[in-house]
Amino acid sequence: MVRKPAAKESTSNVSRDELLKYYRDMLLIRRFEEKAGQLYGMGLIGGFCHLYIGQEAVVVGLEAAAKEGDKRITSYRDHGHMLACGMEARGVMAELTGRSGGYSKGKGGSMHMFSREKHFYGGHGIVAAQVPLGAGLAFADKYRGNDNVTFAYFGDGAANQGQVYETYNMAELWNLPVVFVIENNQYAMGTSMKRSTKSTTLFGRGEAFGIKGEQVDGMDVLAVKAAAEKAVAQCRAGNGPYILEVMTYRYRGHSMSDPAKYRTREEVQKMRDERDAIEHVRDLLLTGKHASEDDLKAIDKEIKDIVNDSAEFAKESPEPALEELWTDIYAEEKSA
Amino acid sequence: MATEILMPALSPTMEEGTLAKWLVKEGDTVKSGDILAEIETDKATMEFEAVDEGIVGKLLIAEGTQGVKVNTPIAVLVEEGESADAAPAAKAEPTPAAAEAPAAAPAQAAAPAPAPVVDQSPDWPEGTPMKTMTVREALREAMEEEMTRDDTVFLMGEEVGEYQGAYKISQGLLDKFGPRRVVDTPISEIGFAGIGTGAAMAGLRPIVEFMTFNFAMQAMDHIINSAAKTLYMSGGQMGAPMVFRGPNGAAARVAAQHSQDYAAWFAQIPGLKVVMPYSAADAKGLLKQAIRDNNPVVFLENEILYGRSFEVPDLEDFTIPFGKAKVVRQGRDVTLVSFGIGMTHALEAAEKLAGEGIEAEVIDLRTLRPIDYATVIASVQKTNRCVTVEEGFPVCSIGNHLSAYIMENAFDYLDAPVINCTGKDVPMPYAANLEKHALITSDEVVAAVKKVTYR
């Protein structure tokens, strides 16, 4: 396999344990998503289902810069974000199958999942709505005077929604501790970036509002992590928002029902062969003698077991009781 | 172990498809992500990828086959040195939930009428001293008291701070609470409504002021999709305890884009609470209640009412519960149901009718979600006639909904059809005479009452 080396391999400061963690976390997302695709094909998952395969290094690299109490919010392509912040594979998969064991008791589905415990604020189905919501989460941290940061993820498609720019303006005006993470996978559903804007970069649009930012190689988890640490440090220090435009690629269609006629099979194959983020870390582990083939096989097996277990759980978890139709519409008591 | 590859569902609605083309042949080695076949659905031709690794042992369905049902085995994948015949006999997969016939849950007829258990207890204790106050002052006091009581409550919106409020509702709040809690925003309704909702999801209690609700249309997505639905979509884990407030409805001579009553729009949404007060006491008690409520509350004020004075209880703290209408005037001949500025016309009409010997009972709904049906039904059971009064458009109005509810739950008590008095079914015109004609008037209410009382 021919791999293009990343611009600069910054492995010197990375420990074996870190590399293994990134490998494991990215592999979990990929295998989970493959399984979700399979269950969708079997009719066990309904509706829309947007897979994260190919983009794993983005969220794993960002999470490497997070600390307890940091918040995250994203779009409907959200399974990877949930796994990366420590939510259980079982609960995510069971939500995909619409069962009572899911994070939203089966009432949210693929696009609408949340975890108060892991500070994951969704899972939002309306393109770009999560951007001001994310700034609002950061507003709350600033209001309370802590040093937590919010990661607000959105895609290159969402970057053309007006509310993103209203949010940029207020986030910078109020120095909100929010990292805007643009996951630029280069296709807004079927529309390539070239066909939707004459901007050459998306992070550059922040300049108009005084927000600093940069473009990052999103197929290199170490590069993402390094950029994330810089962005987070700026936000924690009270120096307002930061934009990371993370260049990535999704191997699968926009959703399960995407005939993928807007790009060639060769283009996809080339990315998989030359730039795959998981293969990259695998190479680093092997060539750096941090792990043997057998070590990695053991991890592969461990991940496969987690994913299979989640699928079994998601099939066996009962459908929500019919009474659930009528719960959680209103919160009951008023505040003290 | 050999595994069967099943005909996949490739869209939310696909039940069967055409196996257009095989891209592998028997004996080929495949790995996860390789394209196995092209499958045609009713919408598109799609590539179907392998999930597992293995060798294609057998192709079970010939290419070109139409009408292949989802979940039919189409090929067998084997491991090295294994025969395709080792494939398990097509075992009956548990029927996937999605394909199951919907559980027999016959659409229930609308919930039976609650026996009208009417709560008309006084809103404050008998003998409470009263003070005269405008609606504007009442709203300001409500916010001031709640912001003093709870540090998580803050106000955001256009001109709420340094300008002291476009309609002076927030006058003095910046001086008292500072810019941390009285946040001036740029003119960015969808942006600040979204930021406010996010802050609420994180546990703060924002009061988001729209300079008028006409501008809230820009923020509709966050009010409905983000604020109202999150509690449900998260299985009860998090919601948006917040208030969206501002003037709603026609002011005077500001024409179509600035003159609209959104009561019926918001009242339709499960997950929202909707309040539309008329008097200053209700404005204060209900706004305090709204700020304390753990749900998103749409609080519809009215510019024309801001300057009107009413008696307000002189109490350190009082709230008015949601879902409790107020019988403002007792009567035996007809029930007038209204809310917000509609109450002006209902009360005026009742006064005129009294002069002609018709005693109207006037009910102020005060909250539109939840609605106090019991008080309405109990009154209709007494008067046997009902006229609703509101400023909004006639189609799918609050009055339409009440008419349907009364018909379902008190049909036998009605001596006449319910009449809905509403604004006219036209965009608000600018010309003074046309505007006057577009709005509901007390004379129209009087005429409607005469019709239902056959006078």
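Analyst: Before we start, two strands are said to pair if DSSP finds at least two bridges between them. Strands (E, at least two residues) and helices (H or I, at least four residues) are DSSP runs, numbered from the N terminus.

User: Understood. What kind of model is this?

Analyst: The model is predicted: local features need pLDDT of at least 70 and side-chain atom pairs count only at pLDDT 80 or more, while totals for chains, interfaces and linings use all residues. Residues are numbered from 1 along each chain as its sequence is written, and chains are lettered from A and ligands numbered from 1 in the order in which they are written.

User: Which domains does chain B have?

Analyst: The assignment, which is automatic or taken from a database, gives domain 1 (3-88), domain 2 (130-313) and domain 3 (326-452). Between domain 1 and domain 3 of chain B, the C-alpha centres are 64 Å apart.

User: In what order do the five strands of the open sheet in chain B come?

Analyst: The order is β17-β19-β18-β21-β22, with mixed pairing. At the edges stand β17 (326-329) and β22 (419-421) of chain B; each has a single partner strand, so one side of each lacks a neighbour in the sheet. From one strand to the next, the twist averages 25°.

User: How many bridges join β18 and β19 of chain B?

Analyst: Five bridges link β18 (residues 334-338) with β19 (residues 360-364) of chain B, and the two strands run parallel. Within β19(B), B:I363 is the residue opposite B:V337.

User: Which strands does helix α11 of chain B lie across?

Analyst: Helix α11 (residues 398-410) of chain B lies across β18, β21 (386-389) and β22 of chain B, at about 155° to β21(B). Helix α13 (residues 442-452) of chain B lies across β18, β19, β21 and β22 of chain B, at about 175° to β22(B). Such angles run from 0 to 180 degrees between N-to-C directions, and axes are lines fitted to C-alpha atoms, for helices over the stretch in contact. Contact requires C-beta atoms, placed from the backbone, to lie within 7 Å.

User: Changing topic: at what angle do α3 and α4 of chain B pack?

Analyst: Helix α3 (residues 189-201) and helix α4 (residues 220-228) of chain B pack at about 15°, their axes being 9 Å apart. That angle makes α3(B) roughly parallel to α4(B); angles under 35 degrees count as roughly parallel, over 145 as roughly antiparallel, 65 to 115 as roughly perpendicular and the rest as oblique.

User: Which residues of α3(B) and α4(B) make the contact?

Analyst: From α3(B) come B:I190, B:A193, B:G194 and B:T197, and from α4(B) come B:D221, B:H222, B:I223, B:S226 and B:A227. These residues divide into four nonpolar, four polar and one charged. Here Ala, Val, Leu, Ile, Met, Phe, Trp, Tyr, Cys and Pro count as nonpolar, Asp, Glu, Lys and Arg as charged, and the others, Gly among them, as polar.

User: And how many residues does each chain bring to the contact between chains A and B?

Analyst: Chain A brings 55 residues and chain B brings 58. On the side of chain A that touches chain B, α1 (16-41), α5 (130-144) and α6 (162-173) of chain A each supply at least two residues. Of these, α5(A) gives the most, with nine residues. By class, that side of chain A has 25 nonpolar, 20 polar and ten charged residues.

Terms used: Contact = placed C-beta atoms within 7 Å.
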